[in-house]
Amino acid sequence: MESLPRDVLLGRHERARLAWAVAHDAGVFLRDERPDDLDVFSKSTPTDVVTAMDRASEDLIVGRIVSAYPDDGILGEEGSTRSGTSGATWIIDPLDGTVNYLFGIPTWGVSVGVHVDGVGEVGVIATPEFDESFVGIRGHGAWRVRGETAERITGRTSNGLGQALVATGFGYSPERRLSQVAVLDGLIAHVRDIRRTGCATIDFTWLALGRLDAYYERGIHPWDYAAGLVIVEEAGARTWTTTTPGSGTTVVCAMPSLFEGLLERLLALGVHQGP
Ligand code: IPD
Ligand code: CA
């Protein structure tokens, strides 16, 4: 397996070092400073929650980006929006998998993507409960970072849809969930099995690591997928994204041997349409 010093990898894109550092440091903050009693606020529905820790994590990340790159744009899930003039935009989920975090389930992460002139160039996902992070740099591969070392990662060699382990996720509104379950109902008999980690960014990293063959979801947001798409594409997966007015954004990612078959079946089931 190809490996190199973490700092050498992070030298391959101007903004990669800071992207990794803020994702890593926010992740360690969330893990080590998690209060026993979390302050929980509702967002779109009573089950769509945000904690004081999501907001503190976003403040930490955004503060450091603004001081290093004051001319860059920012889009953060918890409301940090800033238009820039440099052409670079940072897209941030300061805590993805908030419900897992709330329940003490370790599958949560911090996601930091950098777009330059609208193209995803850098993606970093930190998963602090597993002491690792993931870096994708356009044209330079996908990497798992542990300590000072980066190891190159590629997805698995898949054997077609019938053998595929597929992850998906559900939105927060009951209507959306029911329409997503109807799609799942049309898929589940045609694949090996389904996984629901409760964290889109974990789904991306597990696809890049070869722990999944595919991941799809409708209704996710740029902060859920900006970093993840760079990582899975650099790990060898194919991806498809579409935004349908009223239905939100759908992402389908899979290893090449099953991509076409999965996408065709999902489109026939109307994966990208619904409340
Ligand atoms: C959610 C998680 C979940 C996915 C939802 C996301 P959040 O993000 O990634 O797995 O199914 O669509 O909204 O709310 O925990 O940041
Ligand atoms: Ca979040």
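**Entry 1: second largest cavity**

I looked up the lining of the second largest cavity in this predicted model and found Thr127, Phe130, Glu132, Phe134, Ile202, Thr205, Trp206 and Arg211. For my notes, a cavity is a set of points, on a 1 Å grid over the protein atoms alone, where a 1.4 Å probe fits but cannot get out. Lining residues have an atom within 4 Å of a point. The space in this second largest cavity is about 40 Å³. I take a volume as the space filled by probe spheres set on the points, with grid points joined across faces, edges and corners.

Next I checked which elements take part. Strand E9 (132–137) and helix H6 (200–209) each give at least two residues to this lining. H6 contributes the most, with three residues. Helices (H or I, at least four residues) and strands (E, at least two) are DSSP runs, numbered from the N terminus. By class I noted four nonpolar, two polar and two charged residues in the lining of the second largest cavity. Here Ala, Val, Leu, Ile, Met, Phe, Trp, Tyr, Cys and Pro count as nonpolar, Asp, Glu, Lys and Arg as charged, and the others, Gly among them, as polar.

**Entry 2: conventions**

The model is predicted: local features need pLDDT of at least 70, side-chain atom pairs count only at pLDDT 80 or more, and totals for chains, interfaces and linings use all residues. Residues are numbered from 1 along each chain as its sequence is written, chains are lettered from A and ligands numbered from 1 in the order in which they are written, and side-chain values use heavy atoms, with hydrogens and water left out.

**Entry 3: largest cavity**

How many cavities of 30 Å³ or more does a search of the whole structure find? I found two. The largest cavity holds about 70 Å³ of space. Its lining consists of Thr168, Gly169, Ser179, Gln180, Val183, Tyr216, Glu217, Arg218, Gly270, Val271 and Gln273. Helix H5 (174–187) and strand E14 (214–220) are the elements that give two or more residues to that lining. By class, I noted three nonpolar, six polar and two charged residues in the lining of the largest cavity.

**Entry 4: largest pocket**

I turned to pockets. A pocket is an open set of points with protein on both sides within 12 Å along at least five of seven lines. The largest pocket has about 710 Å³ of space. I noted 34 lining residues, with Asp48, Phe170, Gly171, Tyr172 and Arg196 nearest its centre. The elements giving two or more residues to this lining are E6, helix H4 (98–103), H5, E14 and helix H7 (222–234). H4 gives the most, with five residues. The lining of the largest pocket has 11 nonpolar, 11 polar and 12 charged residues.

**Entry 5: ligand 1**

Where does ligand 1 sit? I place ligand 1 in the largest pocket. The test is that more than half of its atoms lie within 2 Å of the grid points. Strand E6 (88–96) and E14 are the elements that give two or more residues to the shell around ligand 1. E6 gives the most to this shell, with three residues.

I noted 16 residues around ligand 1, the closest being Asp96, Gly97, Tyr172, Arg196 and Glu217. The cut-off is a heavy atom within 4 Å. By class, the shell has six nonpolar, four polar and six charged residues.

I then looked up polar contacts, pairs of N or O atoms within 3.5 Å. An N or O atom in the side chain of Tyr172 is 2.8 Å from an oxygen atom of ligand 1. A backbone N or O atom of Leu95 lies 3.4 Å from a ligand 1 oxygen atom. For Ala200, a backbone N or O atom lies 2.8 Å from an oxygen atom of ligand 1. Taken alone, ligand 1 exposes 380 Å², and the protein buries 95% of that. The areas come from the Shrake-Rupley method with a 1.4 Å probe.

Terms used
Polar contact = N/O pair within 3.5 Å; in protein donor to acceptor, adjacent residues only side chain to side chain.
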